[in-house]
Amino acid sequence: MDRTLEGRTALITGSTSGIGHGIAMLFAQAGAKVMLNGFGKPEEVAAARASVGAAMGGGDAPYSAADMSKPDEIRAMVADCEATLGACDILVDNAGIQVVSPIEDFPDAKWDAIIAINLSSNFHAIKAALPGMRKRNWGRIINVASAHGLVASPHKAAYVAAKHGVVGLTKVVALEVATTPITCNAICPGFVRTPLAEAQVGPLAKQHGVSEEVALRDYLLEKQPSKRWIEVDEVAQMALWLCGPGSGGVNGAALSIDGGWLAA
Ligand code: NAD
């Protein structure tokens, strides 16, 4: 395995599951010291810490239980990362939730939660981590946005609004660090095979009265021309490249990894 990230430290939000866990595993295998964050049953959090810890050479990976809807906890998480790992060289803002509902029925509290977790948490984490990156004169900020940061779909008002906001925030931060060896980019995946996305297949099958296989192909992946899931490791490889040598000129980009969705 290429040890591209030897000597680097990384904080990855929402890394007890799905894409975040995949990025944490790959970064650890590439030599980074990684701090995890996210919710889950105690045994799920323990398993994530053990797997990433093993990839880091043994023991449990450091973990923050910070709630990404709470600015104070986000600031404390960044401080904890800097104290525990010595720095926060790489910040991956990945934690996210999804709610699907027509706007007339969209629960107000769910709108607030999605904006807080999927968008505002990125702002608070970047604000807290950037001073240390500037001091050390190197940094990578990766915001896991979505194809829904660039185009819309019905019934995802809060998610689409939050992810468009993440792409905008990414551009602003990129401009503010443009003359430094720090970059800020967004990754915009299509449908990735994770618990968050797979949970949408069952309700679609029920809604349309079809099998889950048909619901996946004809409804969930309707807009994804490849007609296949993007795999977690494909997203993690893109994140790793953004932290490796030769990536310094890519700044403020919203990088699609969506099987051709945005080309259509
Ligand atoms: P997932 O449900 O597998 O993982 C989400 C992670 O976020 C978990 O670790 C969860 O514990 C954490 N989380 C949720 N609320 C939190 C909170 N308040 N505080 C701290 N952690 C919290 O989902 P995933 O599919 O891996 O999604 C990860 C990111 O990728 C999200 O931002 C999502 O919007 C984005 N994304 C996913 C897909 C997809 O198809 N799976 C596509 C595009 C973008």
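E6 is partly exposed, with 48% of relative accessible area. Keep in mind as you look around that this model is predicted. What does the side chain of E6 meet in a salt bridge? The partner is R3, and the N to O distance between the two side chains is 2.8 Å. R3 has a relative accessibility of 43%, so R3 counts as partly exposed too. The idea behind such a pair is simple: side chains of opposite charge can pair when their charged atoms come close.

Now let's step back for a moment.

Find D89 and R136 next. Their side chains form a salt bridge at 3.3 Å, N to O. This pair ties together distant parts of the chain, as the two residues are 47 residues apart. D89 sits in the loop between α3 (71-85) and β4 (90-93), while R136 belongs to helix α4, which covers residues 108-136. Is D89 buried or exposed? Buried means under 20% relative accessible area, and D89 has 7%, so D89 is buried. R136 has a relative accessibility of 33% and therefore counts as partly exposed.

For our last stop, move along to R217 and D218. The side chains of these two residues meet in a salt bridge, with 2.7 Å from N to O. With a relative accessible area of 44%, R217 is partly exposed. D218, at 34%, is partly exposed as well.

Note on methods:
Residues numbered from 1 in each chain as written. Predicted model: local features only at pLDDT ≥ 70, side-chain atom pairs only at ≥ 80, totals over all residues. Heavy atoms only, no water. Salt bridge = Lys/Arg side-chain N within 4 Å of Asp/Glu carboxyl O. Buried < 20%, exposed > 50% of the residue type's maximum accessible area, 1.4 Å probe, protein only. Helix = DSSP H or I, 4+ residues; strand = E, 2+ residues; numbered from the N terminus.
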